[in-house]
Amino acid sequence: MQEKGTISIHTENIFPIIKKFLYSDHEIFLRELVSNAVDATQKIKRLATLGQYTGDLGDLTVEVSFDEKKKTITISDKGLGMTAEEIKKYINQIAFSGATEFVEKFKDAKDANEIIGKFGLGFYSAFMVAKNVEIHTLSYQEGSEPAIWTCDGSTEFEIKKGKKKSRGTDIILHVNEDSVEFLDKWKLQGILDKYCKFLPIPIKFGTKSESVEDGVDDKGEKKWKSVEVDNILNTTAPIWTKSPSDLQDEDYLAFYKSLYPMGEDPLFWIHLNVDYPFNLTGVLYFPKVKNDFEMQRNKIKLFSRQVFITDEVKDIVPEFLMLLHGVIDSPDIPLNVSRSFLQADGNVKKINNYITKKVADKLSELFKKDRKVYEEKWNDIGLFVKYGMISEEKFYEKGKEFTLLKNTKEEYYTLDEYREKVLPTQTDKSEQLVYLYSTDLKKQDSFIDSALKKEYDVLVLDSPIDNHFIQHIESKLEKTQLKRVDSDVVEKLIQKDSTYANLLTEDQSKSVKELFEKAIANKTYSVDIEGLSPEEMPVTITMEEWMRRMKEMAQNGGGGPMSFYGSLPDSYKVAINGNHPLVDKILKADTEEVQVTLAKQAFDLALLSQGLLTGKDLTAFVKRSVELI
Ligand code: ADP
């Protein structure tokens, strides 16, 4: 039996096109061929289970080896093999038609990234690195003849009778000149580690024996001996394929360590497992979130039936969960479509919702089970939760039950609990609830102090996401407003009916205002005389909540109309406490010069307490203080 033939496809020269598109991804040939070998092996196992194959299965390990001199890479399996007829059908028709289809679909694509096309190319990807490919195979079917198929990637192929005596398939790649880099132990080992580490059939790689030290000889020189090495490189039943009831915490932690050897232990994890309406398994871990969270993104690995596909899970996992680590395995995620298509894919949407729900359920469970422990972890998980609340309406609905607000006394409240707590004290005269918050405990210390003295509560909202979180809950909570504790003098933060009256006469107020304006000598500060408690500071400098927010938005890159606010000078409000003894002292001072100096001193002290006094102004202040002493 010897036969030459022409593969019936229309597109000439598909190979150069494929090669061009997949240039950066040549290494995936190995993933494709090893996956095929694994598939063939699983098929023979299934046939044996079904009683359709009664022979001896034997050792089913898939072997990958290479020969530097002959410039070959060989992938051998003891799977079900193929008859010559099957080669014609599966390889000549299916494999090549897959490739043709691929080219048809993508020949107009401008951007190679547009093509995930990592799958669906299958066997044909061998030609990305080989100038010639041989298949030596013997089918499991009784009375089968071994066959050899050879092809140089063109449409010409040859099939002849082979010599293979045992069941299975050897794929021999004659590596082309451009791809000799693959004839290297470390290179191949690296690729196998990346893609094949969790394949369900044992994979063996390398030379079958290795030299190891064997004591020393008479002259004290090291002796060497050759030993058989059994270098199976994969875990055939990784943790996500098992049932959670068969696993201990140690197993999850050990798996985490194996994925991220440098990582700190995760806080907790969720085991994903669905088979309807889509198939998805996996384990997602919540890491301790570091400030530098860009570094922690993109750590989830995507598999399809235990074959590693990518660690770019953007569009598959909701954006706010990109900080999670771990593994997702789903054969239902379409891999050979462009990214924009992926977002619209029904399965991907369902997967997204499922993961979101699972994460919310887990958090809710932890919260209910042990609130104390949950509170302790809040610093690390708060960021996820807040991000999720902002970006996913579905998550907000669940998340509002277990989102915590922390106050300056390190007490934690749910949204509902907090409302209850501050309702009696922090409702203003128009029935609006005002939540006070601090973004910087040190800088805003004097304001916090004033608020606490008035029996107000102050929240700590100091993480990078809190800006957005504040806006979001404000839009969700009824008749509630959030104000930074330094956005006004304490009497005005929450407007009540009864306030301290300014005890100065109108004339006195006017002259105090003028003295301070002279002392400050900066038009962007507006001066007002307020009636505050004599216990309060004589001078308070604030920026209104809305103004500060606009400025922050402009700073964070809000273009368009926002940039207008960014260009405004920092306009602070200066409140002079008309009831403070110092103001009385200023009024009674002998000369205007002394009055202005005292006013300046009081103003600088206010700047100082907020960390706003720097540079030349600070130097002048210190000098003046020394003189006054
Ligand atoms: P896919 O694996 O996606 O079907 P491939 O191009 O990789 O596409 O392979 C085409 C077909 O060739 C496979 O479906 C299978 O029937 C057959 N085949 C490939 N490799 C082997 C192998 N090692 N043993 C047995 N059959 C194989």
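This is a predicted model: local features need pLDDT of at least 70, side-chain atom pairs count only at pLDDT 80 or more; totals for chains, interfaces and linings use all residues.
1. Where the shell comes from.

2. In one, the ligand oxygen is 2.8 Å from an N or O atom in the side chain of Asn-36. In the other, a ligand oxygen lies 2.9 Å from a polar backbone atom of Phe-123. A nitrogen atom of the ligand is 3.5 Å from an N or O atom in the side chain of Thr-169; the cut-off for a polar contact is within 3.5 Å.

3. Cover of the ligand. On its own, the ligand has 530 Å² of accessible area, and the protein covers 77% of that.

4. Helices H7 and H8. Two packed helices are described by the angle between their axes and the distance between those axes. For helix H7 (residues 346-369) and helix H8 (residues 371-391), the axes come within 8 Å and the crossing angle is roughly 155°. Angles over 145 degrees count as roughly antiparallel, so H7 is roughly antiparallel to H8. Their crossing is left-handed.

5. Helices H18 and H19. Helix H18 (residues 592-609) packs against helix H19 (residues 615-628) at an angle of about 125°, and the two axes are 11 Å apart. H18 and H19 are therefore oblique to each other. The crossing of H18 and H19 is left-handed.

6. A cis peptide bond. Most peptide bonds are trans. The bond joining Tyr-276 and Pro-277 is cis, with omega at about 5°. Pro-277 sits in the loop that runs between strand S11 (268-274) and strand S12 (280-286).

7. A positive phi. Most residues other than glycine have a negative phi. Glu-431, a residue other than glycine, has a positive phi near 65°. Glu-431 is located in the loop between helix H10 (415-422) and strand S18 (433-438).

Methods:
Residues are numbered from 1 along each chain as its sequence is written. Side-chain values use heavy atoms; hydrogens and water are left out. A polar contact is a pair of N or O atoms within 3.5 Å; within protein, one must be able to donate a hydrogen and the other to accept it, and residues adjacent in sequence count only if both atoms are side-chain atoms. Accessible areas come from the Shrake-Rupley method with a 1.4 Å probe; for residues, only the protein chains shown count as cover. Axes are lines fitted to C-alpha atoms, for helices over the stretch in contact, and angles run from 0 to 180 degrees between N-to-C directions. Helices (H or I, at least four residues) and strands (E, at least two) are DSSP runs, numbered from the N terminus. Angles under 35 degrees count as roughly parallel, over 145 as roughly antiparallel, 65 to 115 as roughly perpendicular and the rest as oblique. A crossing is left-handed if the near helix is turned anticlockwise from the far one by less than a right angle, and right-handed if clockwise.
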